[in-house]
Amino acid sequence: MFRDNLWKLIASSVLVLWSVATLIPLKDQPFGDYIKQEASAKPAEFAKLMSEASARVSAGRASSLYVALKQLGAEQKLELSQFFPEVRLEDSLKNIEKRNNLLLDELLRRSHGRLQLGLDLKGGVAFTLEVDESALSADPENIREEKLNKAIEIISNRVNGLGVSEPIIRPIGANRIEVQLPGVSTKDNPEIVSSLRKPARLDFKMVHAFTAPPQEAPLGYERMTLDIEGRIGAESYTEELYVKTRPEMTGDGVADAYPTVDELGRFRIILKFTNAGSKQFADVTKTIAADGQRSGRSGRLAIVLDGKLYSAPTVREEINGGSAEISGSFTQREAVDLSNVLNNPLDLPLSIKEQYEIGPSLADDAIASGKLAFIIGVSLTIAFILFFYTVGGVVASVGMGVNVLVIFAVMANYGATLTLPGIAGIVLTLAMSVDSNILIFERMREELKLGKSLPSALEAGFDKAWSAIIDGNLTTLITATVMVLLGTGPVKGFGVTLVIGIFTTMFAAVVVSKLILELLIVPGYIKKLPMFSVLQGPNFDFLNYAKPAFIASWVVIAIGVGAVAYKGKDIYGIDFVGGDTVALSFAQRIDVGAIRSAAKAAGFEQANPVYQKPLGSDREVLKITTNFDQGEPLVKALQQAIPAAKFSNEGVTRIGPSVGEQIQWNALKAVFWALVLILLYVAFRFEFGYGMGAVVSTIHDVIMTIGVFVLFDRQFNASMVAAILLVMGYSINDTIVVFDRIREELKLNPTGTLRDIINRSLNLTLSRTIITGGTTLLTAITLISVTSGDVNDIALTLLIGVITGTFSSLFIASPIFYWWHKGDRMHVEAHKDIAPKYEWAGSSRASE
């Protein structure tokens with residue numbers, strides 16, 4: 001038995017150890033303290049260097065120790081890696097300045113906590129970019145708005161490729177863009193702003209072929225310098241070339257750019273052309289090669305990005321392979337960043353207008369109450385599962401612990417940022433993730449009732465629950481994958497998190513939990529596995545109540561849809577429609593929680609205060625974002641409510657939405673295609689009638705959740721997109737569990753009517769439905785009771801969604817399957833499964 005489980009033990013141990021190692025350190029360390037610990041060579045010289053760097057910061061010649069060390073390394077041509085021999089750098093990189101930059105970036109990264117906190121918990125840095133008015137002056141208003149939104153989308157893709165870093169990017173006025181980045185400091189990373197506003201204009205230009213360099217550039221050409229990295233052991237050098245002013249081809253023909261490593265370990269960027277770009281590049285290289293043959297000298301093609309010459313390869317023949325490369329003295333980070341910029345080129349020139357640090361948008365008491373709610377929620381989930389499954393509950397709790405550990409580790413590996421709504425989503429996901437264990441335990445309970453031994457019940461329980469687990473998770477995975485592929489911003493971020501959660505949940509349930517149970521049960525350490533049952537042999541006729549329940553639920557949906565239509569744009573919060581941002585000076589600093597409470601008491605439900613400090617200044621400014629045309633009334637209300645602060649209005653600015661139309665449209669596309677693929681998958685794995693039931697019940701749950709949420713007089717903000725998608729995942733999984741049991745019972749009871757089979761299946765899965773829903777409801781109710789703001793909205797959404805999802809699996813999905821087949825079992829069997837049930841790998845396949 002131990003030999004059979006050895007691979008599980010090794011895999012589980014390796015994954016847990018990797019997760020712990022990935023998450024250390026948990027908190028940021030001061031950069032200076034960290035590098036003093038890490039410097040292990042030449043202590044006297046390093047101490048002198050640190051003294052010089054500290055003096056430079058004190059004198060105001062550098063914004064931080066990081067920048068001071070970078071400056072000293074460049075000025076003194078000093079190789080900083082000599083003090084840190086344990087930090088490996090790219091062997092092929094010989095440029096001292098770039099090696100120093102790479103080293104300092106790596107040390108800065110290591111000094112930070114692996115999971116960075118979001119703008120709501122920690123704050124970050126923000127800056128305002130202004131579009132050159134000359135680039136928009138000739139455009140009508142709709143074209144100006146379209147160009148500005150496109151620039152916002154491009155910047156978002158640059159800073160938030162996977163959708164998990166939680167920035168805020170939104171338009172301000174008619175020609176400005178505000179970018180707020182969590183966990184970033186321009187003191188340590190002053191290049192962050194310039195890298196975001198780079199236009200990424202890529203040009204392919206012809207190089208003048210001369211026998212001897214002329215003193216002045218020929219007509220139509222300009223002098224450019226090419227940095228060339230020497231071979232191993234050789235010095236780097238520069239080459240001056242005369243490059244044609246007019247490009248032969250631009251970057252419009254590039255479809256994709258990505259970094260690779262050449263045979264010498266040097267980083268380069270590979271460019272893949274579109275069909276039109278490939279043909280144009282072939283024509284350009286054919287012309288250069290022909291000119292070279294006529295002149296007797298090899299022609300060269302200059303690759304210029306944002307006015308800098310990166311490479312000038314020799315062209316001897318037409319290149320029609322559809323790709324090219326940019327080579328140069330790149331670090332890995334430079335190659336990755338350059339590829340990212342090339343994939344998201346900006347059409348508009350941007351200039352920096354403001355840079356400032358921002359404090360956390362949540363008050364200390366709100367953060368504390370949020371933490372308390374999460375502790376209570378997780379504790380209640382564990383207590384709930386322990387109450388029903390005793391020893392099995394302990395095992396499930398261990399599996400849940402492994403699950404959350406691995407989720408956080410993978411998110412940290414992808415550079416995810418933790419916000420309070422994000423943590424709430426993970427806690428609620430964990431409450432739902434115990435469903436796999438509940439399915440297994442409920443199946444074990446049934447096997448024990450049949451008189452099987454505990455080891456046999458364990459094997460049969462996993463075996464019979466496997467198809468429901470795999471089908472439920474695969475349908476959710478389809479949804480998550482579509483979100484990743486079609487979604488942007490928070491939609492894509494939720495999809496990435498959901499994909500991670502699906503795999504970690506399955507691993508925790510079918511590997512970790514099963515391993516622990518086998519190690520306890522098979523050797524005989526545990527003789528009994530007590531389980532408390534919610535219902536003893538229920539025998540409800542669910543289909544008897546299907547029609548009135550079906551009608552009643554759609555009446556509620558109609559009322560909710562009517563409320564949505566009546567309120568119109570009022571259902572959207574600031575994240576979706578924008579609003580006013582008012583800047584206030586003050587004599588006394590007031591906690592943001594007290595400001596938010598005072599605003600709410602005055603009738604301003606949407607008021608998001610945050611303190612900002614312009615870089616290089618000690619003067620703080622309070623900025624409050626509220627609904628349109630409520631900025632000045634809000635200021636007057638706060639002046640009356642908190643007179644000691646002596647608030648003074650310094651101006652009101654209109655801001656655009658941070659969740660733009662593109663994100664909303666992509667979310668709708670993702671939901672549509674997810675439903676289509678779920679229909680096809682369920683039709684293939686089960687039968688088309690099951691697919692119709694699954695899709696209709698999912699649509700039912702999403703619409704009802706939105707409608708009831710609006711009836712509670714709540715508004716939709718960015719975090720609600722993920723909450724609705726979470727409800728969608730829960731609904732699909734709940735329905736698949738019931739359908740899996742119906743399919744099984746149809747095989748086990750060849751003489752039963754379709755009505756009896758469906759009712760029996762619903763009764764057999766009822767205990768699991770109540771326990772799974774109960775764990776999630778307890779967590780949601782706790783969050784609603786203790787928290788406020790976005791977290792409260794997320795919890796309310798999931799509370800509605802869980803109740804709706806449980807209702808629909810009983811009275812929507814199964815009845816639709818029943819009515820689709822006109823209540824006739826023979827009609828089902830005429831369209832029976834075309835794919836067998838998934839089997840638990842390595843099992844002895846318990847009899848069904």
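How many aromatic pairs does a search of the whole structure find? The search turns up 26 aromatic pairs. Bear in mind that this is a predicted model.

## Ring pairs

Phe807 and Phe811 make a tilted pair, because their planes sit at 40 degrees, with the ring centres 5.2 Å apart. Both residues belong to helix α25 (residues 789-820), where they are 4 residues apart, or about one turn of the helix. Phe807 is partly exposed at 26% relative accessibility, whereas Phe811, at 15%, is buried, since the cut-off for buried is under 20%.

## An aromatic cluster

Some rings join up into a group. Phe384, Phe387, Phe388, Tyr389, Phe441 and Phe532 are linked by ring pairs into a cluster.

## Charges over rings

Two tyrosines have a charged side chain over the ring face. Over Tyr310 it's Lys308, at 5.5 Å from the ring centre. Over Tyr611 it's Arg589, at 3.9 Å from the ring centre.

Val14 is part of helix α1, which covers residues 2-23. Is Val14 buried or exposed? With a relative accessible area of 51%, Val14 is exposed, because exposed means over 50%.

Technical notes
Residues are numbered from 1 along each chain as its sequence is written. This is a predicted model: local features need pLDDT of at least 70, side-chain atom pairs count only at pLDDT 80 or more; totals for chains, interfaces and linings use all residues. Side-chain values use heavy atoms; hydrogens and water are left out. Helices (H or I, at least four residues) and strands (E, at least two) are DSSP runs, numbered from the N terminus. Buried means under 20% relative accessible area, exposed over 50%, partly exposed in between (1.4 Å probe, protein chains only). Rings of Phe, Tyr and Trp (its six-membered ring) pair if their centres lie within 6.5 Å; planes under 30 degrees apart count as stacked, over 60 as edge-to-face and the rest as tilted. A charge sits over a ring if NZ of Lys or CZ of Arg is within 6 Å of the ring centre and within 35 degrees of the ring normal.
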